[in-house]
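Let us read this model together, one feature at a time.

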Amino acid sequence: ALCASGARACGSIKEAVKEGDLIFLCVKPKDLLSVANQVKGELWEGKVLLSILTGASLEALASHFPGASIVRAMPNLALIYGQGVTGLAAEDR
């Protein structure tokens, strides 16, 4: 389904990778390998992967999603109250 903003919901992570330019990786850290295995071999060139996984380094994410531009986002709990901040880190390319 296409939203007014142009965002689109996908039925699977494989579909999201094929169709999207900006992929949000918002799973529990324990599920990283499962997700990575589901999209193994998919073309990531030209795509941005935004991850909020704790404990997953830029290097680890890059090894699982080769070719993607990786950005890590670390929100803090105060965001629940509209008072938080989010730290961002990206690969040095």
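Q: Where is alanine 78 found?
A: Helices (H or I, at least four residues) and strands (E, at least two) are DSSP runs, numbered from the N terminus. Alanine 78 sits in the loop between strand S3 (69-75) and strand S4 (86-90). This is a predicted model: local features need pLDDT of at least 70, side-chain atom pairs count only at pLDDT 80 or more, and totals for chains, interfaces and linings use all residues. Residues are numbered from 1 along each chain as its sequence is written, and side-chain values use heavy atoms, with hydrogens and water left out.

Q: Is alanine 78 buried, partly exposed or exposed?
A: Buried means under 20% relative accessible area, exposed over 50%, partly exposed in between (1.4 Å probe, protein chains only). Alanine 78 has 28% relative accessibility, so it counts as partly exposed.

Q: Which residues is alanine 78 in contact with, leaving aside neighbours within four places in sequence?
A: Contact means heavy atoms within 4.5 Å. For alanine 78, these residues are Gln83 and Gly84.

Q: How many salt bridges does a search of the whole structure find?
A: Side chains of opposite charge can pair when their charged atoms come close. A salt bridge is a side-chain nitrogen of Lys or Arg within 4 Å of a carboxyl oxygen of Asp or Glu. The search finds two. One joins glutamate 42 and lysine 14 (3.4 Å, N to O). Glutamate 42 lies in the loop between helix H2 (32-38) and strand S2 (48-51), and lysine 14 in helix H1 (residues 13-19), so the pair ties together parts 28 residues apart in sequence. Lysine 30 and aspartate 31 also form a salt bridge (3.3 Å, N to O).
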